[in-house]
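Here is a short report on one chain. Look at the sequence and the fold first, then read on.

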Amino acid sequence: MNVVVAAPLRSEALAAHAVGALLDEVELTPKPGLVDRRGGGTHTDMTLTLMRRSAHALYRGFVEMARTAAEHLLPDQNLRVQLAAIGRRTEADMYEATGGVNTHRGAIWALGLLTASAALLPEGSSAEDLARTAGLIARHPDPGCPAKALLSHGSRARAQYGVPGARGQAQAGFPHLIDLALPTLRRSRAARVSEVCARLDTLVALMAELDDTCVLHRGGVHALEAVRDGASRVLTVGGTGTAAGRARLSQLDRTIASLGVSPGGAADLLAATLLLDRIAPAGSIRAQHVSPAMTKEASWRN
Ligand SMILES: CC(C)(COP(=O)(O)OP(=O)(O)OC[C@H]1O[C@@H](n2cnc3c(N)ncnc32)[C@H](O)[C@@H]1O)[C@@H](O)C(=O)NCCC(=O)NCCS
Ligand SMILES: Nc1ncnc2c1ncn2[C@@H]1O[C@H](COP(=O)(O)OP(=O)(O)OP(=O)(O)O)[C@@H](O)[C@H]1O
């Protein structure tokens, strides 16, 4: 039964889910290269405590995004402008909480858009509808975008390697969430692996497919290919719920440590997947759609 929650309370509930999803992501262990319960991964400026503090600091911004979206009837340019301003204020909250470290910039973007679209659409909307509506919002121009944003690591990687990055992923309606990550999470659960393994499988599936600008800017194409190949090798032996998959995950961990890169984009999309899993009912995902990513993923399950 879907309980209809009054708009202000719903905004707070959605924001709490967004923060909860970020905490679930960071606590998940072992994640190659990323901050987890073992430590900072390949990040010298981040700890688990810092990531937790950062996630909590984003609550206010997510509430504001949800409230603003709830007041709108359409995912229009006006909403985009308002969300961008809130997004930048939320980034400032993050930097204040972390002493200037970029702990969640990509996550504010992805989870902010999804939180806003959940507030805009009726409760119980499907993950597909939430992702599509988030994409509609993201496709509007951002006139307040400061010129220095063009110097971000993601912008540079996009220009140098011609990949769509975080912006392109959102503008396309988060295809990696809908066609790959959420189906992987739910399929791994249905195969009765532990919840930790289902989430790790989801992260690894994302790492195997994503053009992650975090990896590209630190390690270039060679590193991205090594990450994707290592992640695919975990999946081809049945995922992290198997002994062989676990051994290959450890190997991937060592590869990523030696390359000194970090799959931050995959981590963001894992958190976004966990948010959709919390707020969109299971079974509402397109079951018929088969993308190349899913076909590839299906091959490791056979
Ligand atoms: C679009 C954003 C992410 C900036 O992206 P850009 O690539 O220029 O910058 P930056 O390198 O700082 O951040 C990119 C981050 O996205 C993540 N990421 C990397 N690759 C990918 C990918 N392929 N898919 C998804 N996320 C990715 C990583 O965590 C990375 O750190 C965003 O920060 C932004 O424009 N913010 C402005 C505020 C705004 O509009 N907010 C409104 C909605 S909440
Ligand atoms: N558990 C996690 N560990 C590390 N990064 C994460 C994690 N979860 C999400 N991320 C994402 O990774 C991004 C940080 O990655 P990274 O530090 O590589 O970015 P950067 O600041 O652009 O680069 P650099 O640190 O090389 O200067 C954040 O935007 C954040 O959203």
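## Charges

The chain carries 33 positive and 28 negative side chains. The centres of these two sets lie 3 Å apart. Lys and Arg count as positive, Asp and Glu as negative; His and the chain ends are not counted. Each charge is placed at NZ of Lys, CZ of Arg, CG of Asp or CD of Glu.

## Basis of the model

This is a predicted model: local features need pLDDT of at least 70, side-chain atom pairs count only at pLDDT 80 or more, and totals for chains, interfaces and linings use all residues. Residues are numbered from 1 along each chain as its sequence is written, chains are lettered from A and ligands numbered from 1 in the order written, and side-chain values use heavy atoms, without hydrogens and water.

## Overall fold

The chain has 14 helices and zero strands. Helices (H or I, at least four residues) and strands (E, at least two) are DSSP runs, numbered from the N terminus.

The C-alpha trace spans about 50 × 45 × 35 Å along its principal axes. Of the 302 residues, 53% are buried, meaning under 20% relative accessible area (1.4 Å probe, protein chains only).

## Helix α6

Helix α6 covers residues 127-139. At 1.5 Å a residue, its 13 residues should span 18 Å, and the end C-alpha atoms are 18 Å apart, which agrees. That expected span is 1.5 Å times one less than the number of residues.

Its buried residues include Leu130, Ala134 and Ile137. The buried residues of α6 pack against α4, α5, α8, α9 and α13, where contact means heavy atoms within 4.5 Å.

Technical notes
Buried < 20%, exposed > 50% of the residue type's maximum accessible area, 1.4 Å probe, protein only.
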